[in-house]
Amino acid sequence: MTSSLLICKSDPALWTYLKEAQHYWISIKEIPDQNVEDKSFEKSKKQLEDEKRYWREVLRRVVECLKFLCSRGLALRGDSEEIGDFSNRNFLGALEFLAKFDPFFAKHLESRGNQGRGNVSYISSTSYEEIVFLMAKKVLDSISSEIASAKYFSLIVDSSTDTSHCDQLAIIIRYVSEEAVVEERFIRFESLCEHSGKVMADAVKKTLDKLGLNIKDARGQSYDNASNMSGKYKGLRALLKNENPNIEFIPCAGHSLNLVGVNAIDSCETASDFFEFLQLLHNFCASSTHRWQIVCSGLVGGA
């Protein structure tokens, strides 16, 4: 062996060749098996696809449940967010009901439910409120697209105090669709801190801007006969008219008929006394279940 090395070293070209060959074979041994890498990659890819498929199925059930509850105006959240708690209300209760007939979702609730924050389940209030927000945005985008296609529209606005004693301004847009069908779409509630015409006009314009609609394309407006709504100088009607001279005002027929009825009765003392007596009689009978049953039994059909 020693003599062989001496012979090789005596020939510089042969010695260089052997050193390069040795380096080459060492490099080949360090290269991992390509088949092993391919198998590992395919396994990871399959795991990723299975994971994506799993969460898509979960979200499909969650979204359908939310669509069902929201379309019927039912509350989602209860006093508890625990699976199996009677106080968790409609959303989690509906998912529990679904799980009784869906083994896939039953397994999901069993493995992912009641794990607290930081664990992905898509059934927490944080998740479903975000989903509802995205669904609402999608609906509003669709409505605004329809209105933009129709181009011209009318506004219906009214306000009412909710149970928390906050005034809510309801904004509705009326337009004719491409199929020549008259549509009325509720857009949103806007909380108001004041009842002045300017505050309401700003709220209406802000809503239209969010929808990407131009107040110049409005051709009608309809409100009640209150001065802050229908006032000729500082009411909502006048302020929007200043923005767009083509927006015509039409008083609400329901409010107008109510005012006509009230003033017609007030103009006749006998009629006023009769309806006042009728109201007092109703209050007296309604305050007692026994008296109310007597009144009902005397009606035609016992209604």
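**Salt bridges**

I started with E57 and R60, which both lie in helix α3, three residues apart, about one turn of the helix. This is a predicted model. I found a salt bridge between E57 and R60, with the closest N and O atoms 2.9 Å apart. I then looked up accessibility. E57 is partly exposed at 26%. R60 is also partly exposed, at 49%.

Next I took K46 and D50. Their side chains meet in a salt bridge, 3.2 Å from N to O. The two residues sit four apart in helix α3 (residues 34-71), so about one helical turn separates them. I noted K46 as exposed, because its relative accessibility of 54% is over the 50% cut-off. D50 is partly exposed at 32%.

K137 is partly exposed at 44%. D141 is partly exposed at 38%. I also traced one network, in which salt bridges with shared partners join E57, R60, R61 and D102. My search of the whole structure gave 17 salt bridges.

**Nonpolar cores**

Which residues touch the most other members of the largest nonpolar core? I listed F153, L155, I173, V204, L208, L236 and L240, out of 26 residues in that core. The elements giving two or more residues to this core are α6, β1 (153-161), β2 (167-176), β3, α7 (197-211) and α9 (236-243). The most come from α7, with six residues.

I checked V204 by itself. Leaving aside neighbours within four places in sequence, V204 contacts L155, V157, I171, L236 and L240. Another core lies apart from the largest one. It has 16 residues, among them L66, F91, F105 and I131.

**Pockets**

I put the largest pocket at about 420 Å³. Its lining has 20 residues, and E81, G116, R117, S121 and S124 lie nearest the centre. Helix α6 (residues 125-150) gives the largest share of this lining, three residues. By class I logged five nonpolar, 11 polar and four charged residues.

The second largest pocket holds about 190 Å³. I recorded its lining as A136, V139, L140, I143, F186, I187 and R188. Helix α6 gives the most, with four. What is the make-up of this lining by class? I logged six nonpolar, no polar and one charged.

Definitions and conventions. Residues are numbered from 1 along each chain as its sequence is written. This is a predicted model: local features need pLDDT of at least 70, side-chain atom pairs count only at pLDDT 80 or more; totals for chains, interfaces and linings use all residues. Side-chain values use heavy atoms; hydrogens and water are left out. On a 1 Å grid over the protein atoms alone, a cavity is a set of points where a 1.4 Å probe fits but cannot get out, and a pocket is an open set with protein on both sides within 12 Å along at least five of seven lines; lining residues have an atom within 4 Å of a point. Grid points are joined across faces, edges and corners, and a volume is the space filled by probe spheres set on the points. Ala, Val, Leu, Ile, Met, Phe, Trp, Tyr, Cys and Pro count as nonpolar, Asp, Glu, Lys and Arg as charged, and the others, Gly among them, as polar. A nonpolar core is a set of buried Ala, Val, Leu, Ile, Met, Phe, Trp, Tyr and Cys residues joined through side-chain atoms within 4.5 Å. Buried means under 20% relative accessible area, exposed over 50%, partly exposed in between (1.4 Å probe, protein chains only). Contact means heavy atoms within 4.5 Å. A salt bridge is a side-chain nitrogen of Lys or Arg within 4 Å of a carboxyl oxygen of Asp or Glu.
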